[in-house]
Amino acid sequence: MGIENKNILSDHNISNDINNNIANDISNDINTNLKDSNNISNNNNDISEENFLEEKNTDISLTAIKMNKKTNQEMDKNKEGNVLEKTEITLKDEAKINKNMGTLSACLALVHCTLFGMILQIMSNLPKVEFIQKAGLCLFILACFSNVFVTLAKLECTLCFMFVDVLFAFTTILLMSVFKKINMALSCVIFSMFGVGIGIVMNVVPVYISLVCSEKYKVFLLNSIGGLGIVFGLIVGNNLIYFINVLAAKIVLLIISLGFIFYFFTYAHKAKVSGKLKVENFTKIFKKGINSLILLSLGMIASNLAGINYIVLNSSNIFKGKGKHTEIIYFNITNFLSIGMTYLSYALNNYVFGRKLVFIFSSCFVLLGNYLFFITDLEHHKWVSILFIIGFNLGVASVPFIIMCEIFPMEVIQEGAMMGNIAYWMGGVMSMVVFDPLSAVGFKVAMIYLAVMVVYFILFFKETKEQQTPQYQPNRLSLSLF
């Protein structure tokens with residue numbers, strides 16, 4: 001019994017030990033599981049934090065990329081703006097340079113009219129009056145034909161100038177080589193060659209100025225064709241001949257021509273009237289612009305027929321005096337007055353009265369000058385010449401060249417200039433026929449012609465001073481003087 005109780009107690013202790021071991025194992029397992037779960041939770045937290053940081057970093061990176069893109073776009077825009085601004089400045093500078101070059105080229109083209117004046121002065125020193133008259137007649141006729149040719153050919157303007165300069169240089173050399181043996185035939189041939197070049201010059205110069213010159217100086221240069229261009233050539237030519245000799249005038253003519261060949265080949269501003277010769281351009285002028293054609297023709301004829309060639313070709317007789325250098329003093333006074341009147345004309349044309357009133361007043365003044373030539377003797381003609389020059393250069397000498405580029409649209413301007421120049425040279429031919437130094441017939445013809453022209457301009461010329469673009473004159477009465 002005691003043994004059994006001990007066994008029972010022993011078994012009971014064993015059972016307790018087993019239970020305790022099981023409980024401890026379970027407890028350990030639970031603790032281990034809790035630790036594992038805690039570790040897993042901590043790992044998950046770490047992973048979520050890492051993911052969060054990664055996402056945050058990604059968002060920051062995307063924002064930075066967007067900001068960089070925006071900054072780059074703004075920088076590109078700024079760069080484009082700077083480039084455009086620089087381009088605009090460059091284009092403006094280039095346009096300014098082109099305008100300046102165009103104006104310079106127009107000025108040098110105008111100097112060809114100075115060569116025309118020098119040629120006239122050289123011609124007036126031919127040994128006999130008959131030589132002068134016949135040579136002048138040939139010069140004007142050939143100028144008329146070359147004027148037509150250059151219009152029909154529609155050549156580039158600087159190419160025309162180069163051809164003229166080569167022709168002037170060659171003809172001057174020829175004249176220098178044969179001057180001592182000059183006769184009627186040689187004088188006609190040589191000045192016919194000069195006439196070919198002069199006809200081209202007087203056609204192309206107004207057109208070239210209209211195409212390349214800046215608006216600021218365009219009318220000024222057109223106004224200067226007669227008063228500064230031709231007259232300054234007369235002054236230079238006559239002073240060289242008087243103070244040195246005829247050879248000096250020819251040498252200067254030759255040097256200028258050679259210099260122009262180089263300039264117009266290399267640096268001159270190129271220009272050409274666009275399009276080819278079209279018969280319909282002439283048709284348009286006769287249909288829509290017949291009044292423009294009549295007005296221009298009347299004015300251009302007057303530029304030669306009004307009496308100016310009488311003074312130019314007979315200056316040695318008109319200005320002859322007893323005192324030393326009297327002839328050249330009167331000649332220079334007269335022609336410098338002429339230049340001064342040209343610029344007074346420019347001011348009156350553009351800022352005061354306009355083309356119509358100035359031209360009418362000038363024509364009346366020239367008509368009075370012809371009347372005074374008619375009623376006075378040769379010894380008084382030097383004083384009349386001074387009055388005549390003042391009136392002539394106020395408008396008759398300049399306004400036709402201005403309105404030439406205002407009363408024909410640009411698409412037909414060269415055709416209009418051609419027909420105007422035909423009238424100009426025909427006026428020269430008529431002046432060589434009617435103005436005989438020993439006869440007063442020329443003065444009568446000039447007075448009648450000027451009277452008719454003044455009436456027509458009063459009735460049919462519409463003022464062009466405020467006109468913005470070239471256009472035909474209306475084919476109706478325009479009685480307003482302004």
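How many cavities of 30 Å³ or more does the structure hold? This predicted model holds 1.

**Stop one: the cavity.** Start with the space itself, about 300 Å³ in volume. Select Ile230, Val231, Ile308, Val312 and Phe392. Of the 26 lining residues, these are the closest to the cavity centre. Now colour the helices around them. Two or more lining residues come from each of α1 (2-123), α5 (215-243), α8 (290-305), α9 (308-313), α11 (326-352) and α13 (381-396).

Switch to colouring by class. The lining shows 16 nonpolar and 10 polar residues, with no charged ones. Then colour by domain. Domain 1 (96-274) and domain 2 (276-477) each supply at least three residues to the lining.

**Stop two: a helix pair.** Select α2 (residues 129-153) and α4 (residues 184-212). Their axes come within 6 Å and cross at roughly 35°. The crossing is right-handed.

Show side chains at the contact. On α2, pick out residues including Phe131, Ala135, Leu139, Leu142 and Val150. On α4, the contact residues include Met184, Phe191, Gly195, Ile198 and Val204.

Which classes make up this contact? It has 14 nonpolar, 8 polar and 2 charged residues. Glu130 and Lys134, both on α2, are among the contact residues; select them to end the tour.

How values were computed: Residues are numbered from 1 along each chain as its sequence is written. This is a predicted model: local features need pLDDT of at least 70, side-chain atom pairs count only at pLDDT 80 or more; totals for chains, interfaces and linings use all residues. Side-chain values use heavy atoms; hydrogens and water are left out. On a 1 Å grid over the protein atoms alone, a cavity is a set of points where a 1.4 Å probe fits but cannot get out, and a pocket is an open set with protein on both sides within 12 Å along at least five of seven lines; lining residues have an atom within 4 Å of a point. Grid points are joined across faces, edges and corners, and a volume is the space filled by probe spheres set on the points. Helices (H or I, at least four residues) and strands (E, at least two) are DSSP runs, numbered from the N terminus. Ala, Val, Leu, Ile, Met, Phe, Trp, Tyr, Cys and Pro count as nonpolar, Asp, Glu, Lys and Arg as charged, and the others, Gly among them, as polar. Domain bounds come from an automatic or database domain assignment. Axes are lines fitted to C-alpha atoms, for helices over the stretch in contact, and angles run from 0 to 180 degrees between N-to-C directions. A crossing is left-handed if the near helix is turned anticlockwise from the far one by less than a right angle, and right-handed if clockwise. Contact means heavy atoms within 4.5 Å.
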